[in-house]
Amino acid sequence: DTLLINSVVLLCVFSSDVLALPIFKQEESNLPADSDNKILPFQYVLCAATSPAVKLHDETLTYLNQGQSYEIRMLDNRKIGELPEITDKMVKSIIRVVFHDRRLQYTEHQQLEGWRWNRPGDRILDLDIPMSVGIIDPRANPTQLNTVEFLWDPSKRTSVFIQVHCISTEFTMRKHGGEKGVPFRIQIDTFKENESEEYTEHLHSASCQVKVFKPKGADRKQKTDREKMEKKAPQEKEKYQPSYKTTILTECCPWPEVTYVSNSPSPGFSTSTHNSFPVAEGCSYIGFCLCVSLLQNLLPTATPQDAQQWLLRNRFSPFCRLFTNFSGADLLKLTREDVIQICGPADGIRLFNALKGRVVRPRLTIYVCQESQQAREQQPKHENGDAAANTFFVYHAIYLEELTAAELTEKIAQLFNISPRQINQIFKQGPTGIHVLVSDEMIQNFQDEVCFVLDTMKDDSNDGYHIILK
């Protein structure tokens, strides 16, 4: 007994020296729930039934039919005298359909772009304006297919009807048929006006988990879940939530600012006879402009508020509450084992690498530069072979992980802000100027770092282009 007591004392002393804050996964349930006794300023209610096949302590799951209009009631939940600055004023709400799975969140841009090219002209999320009540100035940005926004008066009855056009199995790896669809999140962020009359001051955010099926599929899935639960023993049924007629969105962190969507439409190819990609305004020496969102390292001097913003920007919003009072220095002191204990293995390793600013080295780096028309015209004038010395080229890096021709095509298309379908084939200039078709095997035999000058050749058969690597 004495040995046991001494061990406990030593353990307590050691723990307080290392970290006096809750870091273990099992302690998460002992944290005070901020929203338990807190009345939120707004409440959003999705008029669709929750699944009965969800365990007690899991998040609710709601099934939706593709393209069907569903009502979301926007309720003013303020107490008397709360937030007087928005009384008799409009607020703005932004509704998004985003991925629930962390794995898909990392590649959200590529997933949504792939959906865009497979479903040209379609949107992921739409407003059913004729059925909606109380919304003003509804908008849907054509470059953000999964987002809609509108103004509304909290003092008046407001209901917005939404339609989700993508289905959960569209983002599942196709293997053998009957794949399980991925869950989405419907998130609503509400803002008030600032002094400049811009709706940028955050008020409230809430979200819920949904799965989207082909028409009538949600009804069949709900029926299947209900029948499955009816067959379970009474003791087993007690482990599951009842099905509710509506879904209440639960409070969450605000969605981070857009990091990858350009506010301008993607430019197409030039219609001139010039065998080159279009030159963007202000970029006379290259054929494209590229906007890159850089991952900023967290500094030790960051305040707890700055640390929260860093977590949001880097997709660690589920852990914002756990790290509410952590400054930049506090987060940077955490060891790899600490972070894994808090966040689990997958998210813990990712958070630790992000904190330490570690970047995964790509398998292959290709530096490319477009051969300008000016360089082509000047080259014959230099008979002594030193034309390249007098020509200034700017190279851009392409990082490859899969080492396939399809990946190279996609990365070049992204660099030039065009569709991969417009690139018909990629050739490498071989001996005596011959054009060799670039294959997966050829890419896998490139050096770790290789440089090319890109040339383009018009394909008159389908208005596409051939890329030549010189």
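The exercises below, each with a worked solution, concern a predicted model of a protein.

**Exercise 1. Overall make-up**

Determine how many helices and strands the protein has, what share of its residues is buried, and what share of the contacts with a separation of 6 or more comes from residues 24 or more positions apart.

Solution. Begin with the secondary structure, where the protein shows 12 helices and 18 strands. Next, take the burial of its 470 residues, of which 40% are buried. Then turn to the contacts with a separation of 6 or more, 70% of which are accounted for by residues 24 or more positions apart. Finally, consider the accessible surface, which comes to about 27,300 Å², with 52% of that area belonging to carbon and sulfur atoms.

**Exercise 2. An aromatic cluster**

Classify the ring pair of Phe99 and Phe184 and the ring pair of Phe171 and Phe184, and state which parts of the chain each pair brings together.

Solution. A search of the whole structure gives eight aromatic pairs. In the pair of Phe99 and Phe184, the ring centres are 6.0 Å apart and the planes make an angle of 50 degrees, which is a tilted arrangement. This pair links distant parts of the chain, since Phe99 belongs to strand E4 (residues 91-99) and Phe184 to strand E9 (residues 184-193), 85 residues apart. For Phe171 and Phe184, the centre-to-centre distance is 5.9 Å and the planes are 85 degrees apart; because planes over 60 degrees apart count as edge-to-face, the pair of Phe171 and Phe184 falls in that class. Phe171 sits in the loop between strand E8 (158-164) and E9, while Phe184 is in strand E9, so this pair ties together parts that are 13 residues apart in sequence.

The last step is burial, for which the cut-off is under 20% relative accessible area. Phe171, at 7% relative accessibility, is therefore buried, and Phe184, at 2%, is therefore buried as well; Phe99 is also buried. Phe99, Phe171 and Phe184 together form one aromatic cluster.

**Exercise 3. The nonpolar cores**

Identify which residues touch the most other members of the largest nonpolar core, and which strand gives the most to this core.

Solution. The largest nonpolar core has 41 residues, and those touching the most other members are Leu46, Leu64, Ile72, Ile95, Val160, Phe184 and Ile186. Strand E10 (residues 199-213) gives the most to this core, with five residues. To look at one of these members, set aside the neighbours of Leu64 within four places in sequence; the contacts of Leu64 then include Leu46, Ile186, Val210 and Val212. Another core, of 23 residues, lies apart from the largest one, and among its residues are Ala405, Phe416, Phe452 and Leu454.

**Exercise 4. The surroundings of Arg78**

Locate Arg78 in the chain and find which groups its side chain approaches through polar atoms.

Solution. Arg78 is in the loop between strand E3 (70-76) and E4. Its side chain makes a polar contact of 2.9 Å with the side chain of Asp76, and a polar atom of the Arg78 side chain also lies 3.0 Å from the backbone oxygen of Leu83. Beyond neighbours within four places in sequence, Arg78 is in contact with Pro41, Leu83, Ile86, Thr87 and Pro154.

**Exercise 5. Positive phi angles**

Describe the setting of Asp137 and Leu403, given that each has a positive phi without being a glycine.

Solution. Asp137, with phi near 55 degrees, lies in strand E6 (residues 135-139) and is partly exposed, at a relative accessible area of 37%. Leu403, with phi of about 55 degrees, lies in the loop between strand E14 (396-400) and helix H11 (405-415), and its relative accessible area of 9% makes it buried.

Terms used. Residues are numbered from 1 along each chain as its sequence is written. This is a predicted model: local features need pLDDT of at least 70, side-chain atom pairs count only at pLDDT 80 or more; totals for chains, interfaces and linings use all residues. Side-chain values use heavy atoms; hydrogens and water are left out. Rings of Phe, Tyr and Trp (its six-membered ring) pair if their centres lie within 6.5 Å; planes under 30 degrees apart count as stacked, over 60 as edge-to-face and the rest as tilted. Helices (H or I, at least four residues) and strands (E, at least two) are DSSP runs, numbered from the N terminus. Buried means under 20% relative accessible area, exposed over 50%, partly exposed in between (1.4 Å probe, protein chains only). Contact means heavy atoms within 4.5 Å. Accessible areas come from the Shrake-Rupley method with a 1.4 Å probe; for residues, only the protein chains shown count as cover. A nonpolar core is a set of buried Ala, Val, Leu, Ile, Met, Phe, Trp, Tyr and Cys residues joined through side-chain atoms within 4.5 Å. A polar contact is a pair of N or O atoms within 3.5 Å; within protein, one must be able to donate a hydrogen and the other to accept it, and residues adjacent in sequence count only if both atoms are side-chain atoms.
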